[in-house]
Amino acid sequence: MDYDVIVVGARVAGSATAMLLARGGLRVLVVDRARFPSDTLSSHQVQLPGGALLRRWGILDRLIESGTPPARGVLFDPGPAVLRGDYQPHDGVDAVYSPRRTLLDTVLIDEARAAGAAIEEGFIVANPIGNDRITGIRGRAKNATTDRTITANLVIGADGKHSTIARTVQARTYRARPPASAACYAYFADLPVKGGEVYTRPDRMVGLWPTDDNLTIVYLGVPAARFSAVRDERGFRADVSEVADLGVRLAAASRVEHLRATTDLPGLMRKPYGPGWALAGDAGLVMDPITGQGIGNALRDADLLASAILAGDGLAGGRPHDRDRAFRDYHRRRDAARRPIYDLTARFASFRPDPAGELLFPALSENPAQVSRFLGVLTGTVAIRDFFSPANLRRIVGTRTLLRMVAARSR
Ligand SMILES: Cc1cc2nc3c(=O)[nH]c(=O)nc-3n(C[C@H](O)[C@H](O)[C@H](O)COP(=O)(O)OP(=O)(O)OC[C@H]3O[C@@H](n4cnc5c(N)ncnc54)[C@H](O)[C@@H]3O)c2cc1C
């Protein structure tokens with residue numbers, strides 16, 4: 001075999017997995033059709049658990065030194081009340097960071113290379129090869145006229161939501177949801193923010209986050225049916241400007257670079273392993289970006305998958321029984337961690353009215369400790385089922401309002 005592992009896709013899932021495997025002593029090749037630094041359609045919030053992994057891997061400081069600012073607190077304005085709070089520190093990280101993808105992905109690739117992984121940019125994978133078991137890839141460099149075949153004990157598809165690897169091996173798909181929302185975002189200079197700002201309204205969600213180069217990224221999520229109304233700059237500005245004080249602030253700011261917009265926002269989960277192959281990041285599980293989870297998810301997949309492989313059982317050399325167990329465990333842990341936020345994200349992305357929220361948020365806004373826990377839910381450090389348990393909700397709103405919330409939800 002040419003390599004122990006070939007990783008297809010060199011962004012957050014791919015480079016992080018390759019870095020960890022190379023640090024563990026494996027012979028790793030990473031290929032990507034892009035050449036880096038390369039931008040991609042994505043805003044940038046790295047939630048606290050993702051930041052904690054970057055810190056553990058020695059990468060977070062590089063981002064901070066490059067100028068990525070922290071957002072330690074959030075203003076969350078759902079309409080009936082305004083919540084303000086700070087994140088509780090998690091594994092040494094107390095802020096959401098929003099590095100531009102041109103920076104984050106390039107730093108991760110550098111780290112994978114420094115760990116000994118071979119990186120081939122501008123290489124397009126046509127398909128994985130093998131019969132009963134995947135044994136490598138076939139593809140070609142962008143300027144080449146002939147295909148190359150490269151072999152490995154394991155091929156990892158970290159090639160995004162339209163994964164060629166997942167499609168070719170026919171990875172089982174489940175809990176699929178068609179796109180429900182649309183996303184537009186742009187960068188602004190002279191739009192100061194103290195931390196993150198999130199505004200939710202019945203037909204839109206607006207997020208403001210500080211990013212590199214003293215810019216603020218403004219993200220607008222709307223029901224997919226409203227995409228045509230907001231996909232150009234005029235519509236985008238008009239929609240954002242109707243929310244809170246954003247009209248005045250946007251008028252004083254200047255847009256930098258072009259507006260980005262998309263409706264390609266599906267939700268789906270795939271079985272992430274099979275004979276000779278595995279999936280990481282969006283290739284294996286993708287959700288609407290409205291909750292800003294995908295980058296952290298990809299980093300956590302990298303961590304779990306690399307551990308499963310490095311336990312000694314994930315490659316062809318391991319005993320088949322142990323190998324299966326390691327991957328099964330990866331699958332189980334991924335889904336157990338992700339299912340609750342996957343479902344909550346689908347709910348947000350549907351823009352279904354939430355009458356219970358009208359009752360919850362005013363009471364919540366007067367309880368700083370619970371606001372902090374609520375921010376923990378959004379960033380992934382507090383379990384959704386704990387925060388929304390009847391006992392916790394009763395502590396926030398009292399028994400009578402809780403009963404009204406239950407009645408409102410069931411209507
Ligand atoms: C509008 C929008 C906003 C978002 N905002 C956030 C946010 O704020 N926070 C957050 O956490 N997440 C966000 N996300 C989600 C996040 O972008 C993804 O979850 C994340 O990029 C997934 O990383 P990945 O490495 O799995 O895949 P990708 O980033 O999609 O990378 C896949 C790579 O594979 C390569 N590739 C694909 N096919 C081939 C092939 N055949 N041959 C060679 N190379 C190939 C591609 O070139 C690409 O570089 C957002 C997404 C969108 C669309």
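What share of the contacts in the protein with a separation of 6 or more comes from residues 24 or more positions apart? In this predicted model, such residues account for 72% of those contacts.

The protein contains 15 helices and 20 strands. Its radius of gyration is 22 Å, close to the 22 Å given by the globule rule for 411 residues, so the protein is as compact as a globular protein of that length. The C-alpha trace spans about 65 × 45 × 40 Å along its principal axes. Of the 411 residues, 57% count as buried. The accessible surface comes to about 17500 Å², and carbon and sulfur atoms hold 49% of that area. Charged side chains number 55 positive and 44 negative. The centres of these two sets lie 5 Å apart.

Aromatic pairs number seven. In one of them, the ring centres of Phe76 and Phe374 are 5.2 Å apart and the planes meet at 75 degrees, so the pair is edge-to-face. Phe76 belongs to strand S4 (residues 73–77) and Phe374 to helix H12 (residues 368–379); the pair therefore ties together parts 298 residues apart in sequence. Both Phe76 and Phe374 are buried.

Phe374 also pairs with Phe387. Their ring centres are 5.7 Å apart with planes at 50 degrees, so this pair is tilted. It links helix H12, which holds Phe374, to helix H13 (residues 384–387), which holds Phe387; the two residues are 13 residues apart. Phe374 counts as buried because its relative accessibility is 4%, under the 20% cut-off. For Phe387, also buried, the relative accessible area is 0%.

Methods. Residues numbered from 1 in each chain as written. Predicted model: local features only at pLDDT ≥ 70, side-chain atom pairs only at ≥ 80, totals over all residues. Heavy atoms only, no water. Helix = DSSP H or I, 4+ residues; strand = E, 2+ residues; numbered from the N terminus. Rg over C-alpha atoms; globule rule 2.2 N^0.38 Å. Buried < 20%, exposed > 50% of the residue type's maximum accessible area, 1.4 Å probe, protein only. Contact = heavy atoms within 4.5 Å. Areas by Shrake-Rupley, 256 points an atom, 1.4 Å probe, with all protein chains shown as cover. Lys, Arg positive; Asp, Glu negative; His and termini not counted. Charge placed at Lys NZ, Arg CZ, Asp CG, Glu CD. Phe/Tyr/Trp six-rings, centres within 6.5 Å; stacked < 30°, edge-to-face > 60°.
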